[in-house]
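Here is a short tour of a protein model, from single residues up to the whole chain. Have a look at the sequence and the coordinates before reading on.

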Amino acid sequence: MNVEWKSCVKIGVSAFLLYLCITYWPSFAGLISALSGAAMPLMIGCVAAYIINILMSFYEKHYFPRAKSAKLVKSRRPVCMLAAFVTLVVLIMLVAKLVIPELISCVELLTSQIPGAVGSLVKWLENRGIVPENIPAALSGIDWKARMEQMLGILTTGVGNVMGTAVNAVSSLFSLAVTALLALIFSIYCLLGKERLGSQFDRLMKRYMKTGLYSKIKYLLFVMNECFHKYIVGQCTEAVILGTLCTMGMLILRIPYAAMTGAVIAFTALIPVAGAYIGAAVGAFMIMTVSPVKAVVFLIFLVILQQVEGNMIYPHVVGSSLGLPAIWVLAAVTVGGGMMGILGMLLSVPLAAVLYRLLREDVNRGLDKEAVDL
């Protein structure tokens with residue numbers, strides 16, 4: 001067997017690097033953490049550019065598609081990119097305007113009702129002799145409104161060095177603003193030159209990869225892009241439909257907080273499987289502050305709406321575009337949520353769809369090959 005010196009050098013260098021990583025793992029992990037932190041604005045910009053590109057591509061298809069004027073063709077990219085950003089900002093502002101005022105009013109109503117509810121509970125316990133007589137008397141003598149104001153004051157002012165807390169808050173806010181600004185600038189550059197960046201990345205892979213590996217990686221990226229694109233478009237469309245139907249149904253049934261609850265339901269519908277339960281819990285809690293009966297009516301209505309949406313609307317909007325069975329969706333959401341929380345729930349389904357599709361194609365390819373051999 002002939003052993004080339006280049007192969008020996010590569011193996012030796014790889015083994016030495018692995019030894020360094022194991023020996024100096026804390027320092028190596030710190031270096032990786034520092035690099036990932038420094039590159040965080042770029043990663044956020046790439047994610048934002050990918051999401052915005054879906055909307056921008058839609059606008060580009062409808063922005064004078066048959067135009068022959070050079071000015072119109074040249075203006076297509078910046079105009080459509082600006083329209084995509086404006087659309088997202090308007091949607092965020094609309095959701096905030098629907099949710100935040102209603103949430104504030106709900107908290108104010110809840111805080112005003114707690115003292116009366118505690119007094120009623122104490123009287124009910126005292127009449128039935130469930131607790132000793134001195135405990136209801138002590139509870140009745142507490143000024144609950146003053147206690148709640150005191151607790152809110154502690155939460156807002158903080159405990160300890162107020163100046164240090166303020167400095168840390170300002171520093172964190174400034175860092176967040178710089179990160180968001182850099183991510184926005186990087187996403188704009190990515191969107192303006194996406195074709196050029198894609199061509200450069202393709203040329204790099206061709207130059208430094210073997211033909212077989214290049215083809216596999218390119219197909220993997222194609223499958224990932226297709227699954228993520230279908231997932232984002234399908235989930236957003238389904239969320240808008242579900243939120244609209246929820247708001248209309250609540251208005252017809254005269255259930256309070258219709259617009260806010262519909263916005264919350266639409267937002268949580270982006271989370272597979274668990275989103276419906278989160279939205280139902282938040283909406284029921286808000287409505288219960290006004291009327292417990294209407295909260296029960298809301299839950300019954302939402303269960304019926306979820307059944308109609310899951311069996312009639314969702315298959316037509318999203319359908320089986322991802323090609324992922326329901327049991328694997330549940331497994332992906334469970335594992336992703338356990339590892340990375342809500343972000344893991346959002347990413348786990350398209351990633352599981354990519355893995356499922358690749359495994360299915362590889363298994364079918366192997367079975368077809370065995371059938372030919374037989």
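A residue counts as buried under 20% relative accessible area, as exposed over 50%, and as partly exposed in between. Keep those cut-offs in mind, and note that this is a predicted model.

Let's begin with L343, which lies in helix α13. Its relative accessibility is 47%, so L343 counts as partly exposed. L343 also belongs to a nonpolar surface patch, formed together with V335, M339, M340, L347 and L351. The accessible area of this patch comes to about 590 Å².

Helix α13, which spans residues 326-373, also holds S348. Is S348 buried or exposed? At 9% relative accessibility, S348 counts as buried. Its side chain reaches the backbone oxygen of A332, at 3.0 Å. Leaving aside residues up to four places away in sequence, S348 touches V333 and G336 as well as A332.

The two residues can be set side by side:

| Residue | Relative accessibility | Class |
|---|---|---|
| L343 | 47% relative accessibility | partly exposed |
| S348 | 9% relative accessibility | buried |

Now for the whole chain. The protein chain has 13 helices and zero strands. Of its 374 residues, 24% count as buried. Among contacts with a separation of 6 or more in the protein chain, 69% come from residues 24 or more positions apart. The protein chain exposes about 25900 Å², and carbon and sulfur atoms supply 72% of that area.

Note on methods. Residues numbered from 1 in each chain as written. Predicted model: local features only at pLDDT ≥ 70, side-chain atom pairs only at ≥ 80, totals over all residues. Heavy atoms only, no water. Helix = DSSP H or I, 4+ residues; strand = E, 2+ residues; numbered from the N terminus. Buried < 20%, exposed > 50% of the residue type's maximum accessible area, 1.4 Å probe, protein only. Polar contact = N/O pair within 3.5 Å; in protein donor to acceptor, adjacent residues only side chain to side chain. Contact = heavy atoms within 4.5 Å. Patch = residues over 30% accessible without salt bridge, like charges linked within 9 Å, V, L, I, M, F, W, Y side chains within 5 Å. Areas by Shrake-Rupley, 256 points an atom, 1.4 Å probe, with all protein chains shown as cover. Salt bridge = Lys/Arg side-chain N within 4 Å of Asp/Glu carboxyl O.
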